[in-house]
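Dear colleague,

I am passing this structure on to you, with some notes on what was found in it. Please look through it before you read on.

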Amino acid sequence: MGEIDLVMVNWARAQFALTAMYHWIFVPLTLGLSFLCAFFETLYVRTGKEEWKSITKFWMTLFGINFAIGVATGIILEFEFGTNWSNYSWMVGDIFGAPLAIEGIFAFFLEATFFAVMFFGWDRVSKRFHLFSTWMVAVGSNLSALWILVANGWMQFPTGMAFNPDTARFEMQNFWEVLFSPVAISKFTHTTSSSFIVGSMFVITISSFYLLKKRHVEMAKKSILVASVFGLISTVYVAFNGDESAYTNASTQPMKLAAYEGLWDGEQNAGIVALGLLNRDKQPGDDLEAFSFEMKIPGVLSLLANREFDSFVPGINDLVYGNEEHGIMSTAEKMERGKLAITDLKAYKDARKAMDDVAAEAALGKFNANQDFLGYGYLEKPEDVVPPVPLTFYSFHTMVFLGTLFGLIFVLNLYFSMKGTLEDKRWLQLAGVPMFFLAMIASQSGWIVAEVGRQPWAIQDLLPVHVATTNISAGNVQTTFFMFLTVFTALLIAEVTIMLKQIKKGPEGI
Amino acid sequence: MIGSLDLEILQQLWWILVSVVGALFLFLTFVQGGQSLLWQIAKDETEKSLVINSLGMKWELTFTTLVLFGGALFAAFPKFYATSFGGAYWVWVLILFTFIFQAVSYEFRKKPGNIFGAKTYELFLFINGSVGILLIGAAVGTFFTGSNFYLDDFNRVSWATPYRGLEAAFSLFNLSMGLFLVFNARVLGSMYLVNNIDFGGMPEFEARVRKSCLTSLLCALPFLLYVLGGLLLMDGFQVNEIGQVSMEANKYLGNLLAMPVVLGLLLVGLVLVVFGVYKTAFSQSTKGIWFGGLGTVLVGLAIFFTAAFNGTPFYPSKVDLQSSLSIYNASSSHFTLTAMTYVAMGIPFVLGYIAYVWRLMNARQLTVSDVTDKKAY
């Protein structure tokens, strides 16, 4: 391994984070709103009432504006794997490429083909075929999330593969293990269902605004009713699924779990932090208190992680420095074994080049004994395995707190909608207006937990981010970072302005 | 069944599939061609709206095909994906930028509150239709002229020039390939518009569009001839059975002669494009796009096949011949290619519903009343 330009690595990370976060402004809204449009249109087709058609067209227009910029930012992500992370692309292409290709063949074409019917087909196809197209756009959008999240799930929990020392890459051995890995499934369902909440909150925010302004009242009330039902079902599911994610994290990414719970020292009967303020000076291995202030519910973290109140949950220090009592290997030992793996891999390749089969066989045997620790061999110090704890912790707690709040908002909106008194509840309308923005914060926080929480790994335990990059100068990536930043920001401003104008005009302006 | 196929067969099969996607993309660049024609053929707002709305119903298909092309290369030939995208950094980044611009332009251009103004988005569409396709063409040209990379034992790419791929555009052959694709896209764009727009009451507009088909072909011809001449005369890259790469005189001429089917695809494709232009420019037919489209697909297939079959590395390295990539050393494993081949069996179904929806949406031509509707782009 030659010299790694860490400045370039950081710019590449910043660029990927920038692109992913911009992309993630638009995608959850697309995933949620596409289904809401399908619900509205289904009601139109079933009842034949023109008001449902008008409601459908209004939300569909906002969907279209958002969709376009989501697509624009999405294409960058796919190709950024190659431009900024070419070493990673080679090492995982055999596994990661397949889900991406399937996504392209099926999901994207479903979306792209029926998108045109959805927007231009009102007078060109039958009512039922138009409805079918709207559903296909919703299904296609969500299917596309499936495949990219399968790929992401594999990075968090690499399974169904083997490392091929001849090609120096990971190769797929079992497609179904990759597809149905518990992490992939949990990630997909958690991401899509939380996106349904974002879409529902978008409808509630705009509709609450209309009710406050006493404009488009009937449309707003009907929209809120549908969005509340969809949002509430999604919230209940997200809560159960979130629990499943934490359980999976405990076995596959214990460091991530420890980071988002701020758990420095492992505990039996570990409590979950309901409210807490981290001690910013806390570092691995020191004696400082972890929290300046904390409120914990005893035993719940153990229950969440292991399904047992009395079980042991390892903390950051246990994972870095090891814990013999609980059979946890130290990172230093893993690093040593990882370095051996790298040395033996090189020896194997040299022997192959020299056509010395005996030496190659011997080196390969040694490599195989340590290959599970391959990624650790590239780390400089044991503490490198600790992700940014405050960012992960606060993001996780923001997400959970807001998720609970969303459940309450959906219940209240549904309750007063059913009672027919929603129009009189000005306090609820006022509370509803900022909800979409909070939903966006929750959604972005979710990604921060998932992606920052797994640092420093591009592929858990096997490939650190700094080894995954392209051999390119920092200046190139820095330049494109600012190009992306400028273009995305300009387009975001354009999008928001157009959205606001369209919302101001209301359904009559469609 | 598929699992019992030799790795070599699967590799060839996947190059054929990737080539089909690439060739279909070249056909679908009628969207980009139409975009680059906008200011030339549309003289007022109504004509502009007709062009943009006509193309706007199809832009997603082109975009998605490009994404699929990238995805399929990543999946089937990951070493190419990693080498080309990581190495020829700037050429790909700039291509991507032009496509970001395209994606938003249709939806944002005429929306109230659009802060940049319709003309900005029309400029974006023009850039995508011209610069975007030019750079894609230059990138395709490197399949024959080679690139400046070398790979180490762990297949990590290093690039030998600071221009990171932009140098491809300085080669006359690559540039000609790019310009040929730009003008071919314009030929297809005008054919598509003739097919899709109801010009009732606008004979001058129709005449302009039909004429642009012919002028675009005339502009494309010198570049096509340069590319063809260059291809037949140039030395090419040859990979032998043990993977050693060397230079060979008239390699690509040799490929065409050794693979008469490919030569046939090229010749029939070119004739079909010319016939499509003839139908569009010299008759009242609206069917030119089908001849031009099929012709472009055949030419595209011939280009991709010539670049990779008959012992040819499809992504040759100029600075280190032995780093060159062939479909045999750049591909995914047997298991992955097998799994993907099963998945690819769904492609006819996907093509089927695309064709059905296309037919349904194009059953009636686009009229002025369609573009005065508030939903129009």
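Helices (H or I, at least four residues) and strands (E, at least two) are DSSP runs, numbered from the N terminus. The model is a predicted one, in which local features need pLDDT of at least 70 and side-chain atom pairs count only at pLDDT 80 or more, whereas totals for chains, interfaces and linings use all residues. Residues are numbered from 1 along each chain as its sequence is written, chains are lettered from A and ligands numbered from 1 in the order in which they are written, and side-chain values use heavy atoms, with hydrogens and water left out.

In helix α3 of chain B lies S49(B), which counts as buried because its relative accessibility is 9%, where buried means under 20% relative accessible area, exposed over 50% and partly exposed in between (1.4 Å probe, protein chains only). Leaving aside residues up to four places away in sequence, S49(B) touches R109(B) and V371(B), contact meaning heavy atoms within 4.5 Å.

Helix α6 of chain B, residues 89–108, is mostly covered, with 19 of its 20 residues buried.

Between the two chains, 75 residues of chain B are in contact with 85 residues of chain A. The rule finds 2 salt bridges across this interface, a salt bridge being a side-chain nitrogen of Lys or Arg within 4 Å of a carboxyl oxygen of Asp or Glu. The side chains of K353(A) and D153(B) meet in a salt bridge, at 2.8 Å from N to O. On the side of chain B that touches chain A, helices α3 and α6 are among the elements that each supply at least two residues.

With best wishes
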